[in-house]
Every structure is written in C-alpha cells, then in structure tokens.
Amino acid sequence: MKVQLRNPTRTLEVAGPVSIVKLLQQLELNRESVLVIRGGTLVPGDAILDDADEVEVRPVISGGST
Amino acid sequence: MKCRVCREPAVIDIRRHNANFCVEHFLRLCRDQVAKAIEDFHMLEPGDRVLVAVSGGKDSLAVWDLLRELGYEADGLYVGLGIGGYSDRSGQRTKAFAEERGWPLQVIDLRDDHGYDVPTAAKVTKRVPCSACGLSKRHLFDRAALDGGYDAVVTGHNLDDEAAVLFGNTLRWEAEYLARQLPVLPARHGFPRKVKPLVRLGERETAAYCVLRGIDYVVEECPMAAGNKHLGYKEALNAIEAASPGSKHAFYFGFLDRAAPRFADAAPASGEGEVLGTCSVCGSPSTNDTCAFCRLVERTAGAQPVVLTAKGSS
C-alpha cells in the first residue's frame, strides 16, 4: 500500500494486510499524534489495510509558544 | 469498532474517554465539549458577538465553525505574518474558508499595514520568532476586538496547547504565568475578554473534526516554530498519554481545580498587568510611554526584509 507522510511530505510502500495500530507501530508513530485518512475520511484503529490501499498519516501536533 | 452511542461503525477512538464514535456522534461530542467549556468557565453569554483569531490551522477554523454551529455571532480576524510561502498558504485557506461560508473576515497584513514581518522582527530584536509573532497577534486582536465592539476574543487553544504550556510553566515554577493560565481572562484595563472554548478537546480531536467536516486547513507546521520547546513538551506529554490515557486532561483540569487558586495572588507577568497609562502612539494600555507593539514597529522601520529560504517557501 502507499502511505503518505508529512513534514516533509513523502510516500512509503508498506506491505499489507496490516492494521492501523500495527502500521503506526511499524512507523514508530504515537497514535496520539496522528490521524490516518483514506478517501477523505478517518480510518479507525482496528481497520485492516491491504496492498491496494492509499492512506495519509497526518500529524496533529502544531503550534508556537503563545 | 462500534460507536458508543449508536453501535454503528466507528471512525475514531478516543482512548481517554475509553470510547469510539461514528461521524455523527463524534461531531456531536465536539459541540457538547465546547458548549460545556463555555458554560463551566462562564466564557460567553448567549448572543455574544465574538472575534475569532484565525490562522488557517485546524484549531482556529474548528473553533470558528463550532461557535457558529452553537449559534454565536462569530467573525474572524486573520493576521498575515509574512512567513514566506507558509503565510501565503495560510491566508489562502483562511480566506477560502470564510468566503465559502459567507462569514465576515478581517485581514491585517504585518508588512503592508505595519511595515514589518515576523522573520524581520526576529532578526532585528534578536529574539525567537514566536516572541514577535505572539506580541503582534495579541496587540492586533485586542485592538480589533475593542474597535469592533466585540464581547470577546476567541482563540483556538486546545487541551494539548494548555497542557504543554502548563508543563513548561511548572517545570520552571513560573508563578506569575501560572496565575494567568486560565481558559477565560476577563476584560480589564482596556483589554477585551479572552476565551479558549477548545480546552476540553485534544488536538487529535480538532484535526479529526476538520477532516470530518470537510474543513481544508493548513497541515504543514510553521517553519519558524519547528523544534521549539512547546512542541517538545507536547511530544513528552503524548508519550505519557499513550501509556496512561487521560493524563493530559487530569494534569490541566486538576491544575485549574486544585492548584490555580493557589497562584491567584502572584503578580501578572505580562504587560496586561499593572497598567499605568496608555501608549502615546496608539493609545493602547501600556506600562511605558510607548507600548511593546509600537516599539517593535519603530525598531523594524527601515530594516532590510528577511528573505526566507526553502522552509518558508516550499
């Protein structure tokens, strides 16, 4: 499957099937810090992604010091 | 995964609530949390007219949308900071959001209207960019709210923002800042009331709200904020949250409930404290003859503009 990451924007190829929770573990990402988006909507943590899927892993942490 | 409310397929899990939600009930949860924050902290009254500080990011666009959903007369104010392509894209998203909905948006551009931008101000003052950015935004939002007769300034600070600031202030026991770290600051001394209706929502939730509402926000991080302490505190707190869901909520709301009153007598740490007079240039409250914003305008006048490299223009 194609996994788009941000900051900087890049695309990874990841073998399926894999659950969202496992995917984020593989990418060493904290589930509190990202959303997984497919086709314009959210993908729940227990969803299984297969090789044909294209998903975006979007960071949610933002902000300056004020 | 099924929605806790209706048992239909869920789209998001919120571990600190130990619950999953479908689209409809997640959006309802967000509205309910904002309504509860407004009520619990007496932020707004029905019919209040408010000015939302919008940046084009997820939090400010979400809070604007949520306040409108809850029936408040909420207008927007966007300040163009001059941070290269990042500011260009932020301004475009903000204007498109307002235009699509027909909601009033006031735009101020630091370079066009006041002769400087954040990168240039940071260079001239030899301070971090977030300092000039925060100073500029606070002054301009306060001024616009008072001039426009608004009842309050609304900012998009969320639970993660507040917990991270609290974490930093606690690490250094900044009593004066702790005394002011409240979700609502009443109007006083020529300053408008300031409220933070998103304090009961984490930023994963505000981002999810935008995705599910089809709000096209700026996802990229401000290139000037990259690597700052605030982001480091957020990452540290998220590591704790992952191991112990609910920690950020307990930390922040525990502070408000049990610790904040103990700091109430600490002297204010900013220029909003012991205001003795008004700025001779703009008339804003100031402890000096000239307020910090007008001094910044003076210092940056004629300075060679800083041209950002790839980070601000990519």
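Predicted model: local features only at pLDDT ≥ 70, side-chain atom pairs only at ≥ 80, totals over all residues.
**View 1. The open sheet of chain A has 5 strands.** Their order is E2-E1-E7-E4-E5, and the pairing within this sheet is mixed. Strand E2 (10–13) and strand E5 (41–42) of chain A are the edge strands, each of which pairs on one side only. Strand E1 (residues 2–5) of chain A pairs with E2(A) over 4 bridges in the antiparallel sense.

**View 2. Chain A and chain B meet in a contact that takes 21 residues from chain A and 31 residues from chain B.** On the side of chain A that touches chain B, strand E4 (34–38) and E5 of chain A each supply at least two residues. By class, this side of chain A has 10 polar, 6 nonpolar and 5 charged residues.

**View 3. The open sheet of chain B has 6 strands with mixed pairing, in the order E5-E4-E3-E6-E8-E7.** Strand E5 (105–109) and strand E7 (184–185) of chain B stand at its edges with a single partner strand each, so one side of each is left without a neighbour in the sheet. Strand E6 (residues 152–154) and strand E8 (residues 193–195) of chain B run parallel and are joined by 3 bridges, with B:Ala152 standing opposite B:Arg193.

**View 4. Helices H2 and H3 of chain B lie across strands of chain B.** Helix H2 (residues 58–69) lies across strand E3 (49–54), strand E4 (73–80) and E6 of chain B, and runs at about 160° to E3(B). Helix H3 (residues 84–101) of chain B lies across E3, E4 and E5 of chain B, running at about 160° to E4(B).

Technical notes. Residues numbered from 1 in each chain as written. Chains lettered and ligands numbered in written order. Pairing = 2+ DSSP bridges. Contact = placed C-beta atoms within 7 Å. Nonpolar A, V, L, I, M, F, W, Y, C, P; charged D, E, K, R; others polar. Axes fitted to C-alpha atoms, helices over the stretch in contact; angles between N-to-C directions.
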